[in-house]
Amino acid sequence: MKVYKFEDLVVWQLARTLVKDIYSSFKTCRDFGFNDQIQRAAISIMNNIAEGFERSNNSKDNKQFLNFLNIAAGSCGEVRSMFYAAEDLGYIDEEKAKLYRKRCIDLSLKLNSFMETLRQHDASTCSN
C-alpha cells in the first residue's frame, strides 16, 4: 500500500496525539525550561516524521527518510526520559508518568519497525 501523505502514517498520528497530550498535561507547570524542553522534543518526533516523508517523496530510496525517522526515534527517547524527570520533580504522578513512558516505548517500537520495513524495501529494490 502506497502512502501519499504523512498524515496517513500511524507513527505520525501517534506523535501528534502525544504532542497534544503533553501540552495539556503540563499547561499549568511553571517550570518554563522543562515545558519548553519536553514540548520541543515531542514536536520534534512529529515534525521529523513529516519532514522526512516530504523530502523522500522524489527520492529513489528511503535513506533520507530513514535519517529523519532515526532523529524522531531519538526525540522519543528524550521525551520518555523527560517523564522520569517530571515524575521525580512532582510535575506528574507516577501512574501518568508510567503511562506516558509506555506510549513512548510503543511509539519507538513502531518507528523502529517502520524503519526496518523501509530498509528491507530498499534492499529488495537494489537486488532486482
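Author: Quick ground rule before we start: helices are DSSP runs of H or I with at least four residues, strands are runs of E with at least two, and both are numbered from the N terminus. This is a predicted model, in which local features need pLDDT of at least 70 and side-chain atom pairs count only at pLDDT 80 or more, while totals for chains, interfaces and linings use all residues. Residues are numbered from 1 along each chain as its sequence is written, and side-chain values use heavy atoms, with hydrogens and water left out.

Reader: OK, which helix holds both Asp106 and Lys102?

Author: Their side chains meet in a salt bridge at 3.0 Å, N to O, where the term means a side-chain nitrogen of Lys or Arg within 4 Å of a carboxyl oxygen of Asp or Glu. The two residues sit four apart, about one turn, and the helix they share is α4.

Reader: And what is the relative accessible area of Lys102?

Author: The scale first: buried is under 20% relative accessible area, exposed is over 50%, and partly exposed is in between (1.4 Å probe, protein chains only). Asp106 is partly exposed at 29%. Lys102 is partly exposed too, and its value is 48%.

Reader: Is Arg40 buried or exposed?

Author: Arg40 pairs with Asp36 in a salt bridge of 2.9 Å, N to O, and both belong to helix α2, four residues apart. Asp36, at 35%, is partly exposed. With a relative accessible area of 57%, Arg40 counts as exposed.

Reader: How many residues apart in sequence are the parts that Glu87 and Arg101 tie together?

Author: Glu87 and Arg101 form a salt bridge, again 2.9 Å from N to O. Glu87 belongs to helix α3 (residues 63-88) and Arg101 to helix α4, so the pair links parts whose separation in sequence, in residues, is 14.

Reader: Is Arg101 buried or exposed, then?

Author: Glu87 comes out as partly exposed at 22% relative accessibility. Arg101 has 8%, so this end of the pair is buried.

Reader: What is the volume of the largest pocket?

Author: A pocket is an open set of points on a 1 Å grid over the protein atoms alone, where a 1.4 Å probe fits, with protein on both sides within 12 Å along at least five of seven lines; lining residues have an atom within 4 Å of a point. Points are joined across faces, edges and corners, and the volume is the space filled by probe spheres set on them. For the largest pocket that gives about 620 Å³.

Reader: Which element gives the largest share of its lining?

Author: The lining has 21 residues, and those closest to the centre are Val3, Phe53, Phe65, Phe114 and Leu118. Elements giving two or more residues are α1 (10-25), α2 (32-56) and α4 (94-126). The largest share, six residues, comes from α4.

Reader: How far apart are the C-alpha atoms of Leu69 and Ser108?

Author: Leu69 lies in helix α3 and is buried, with a relative accessible area of 0%. Leaving out residues up to four places away in sequence, it touches Ile49, Leu111, Phe114, Met115 and Leu118 (contact means heavy atoms within 4.5 Å). Along the chain Leu69 and Ser108 are 39 residues apart, and their C-alpha separation is 9.9 Å.
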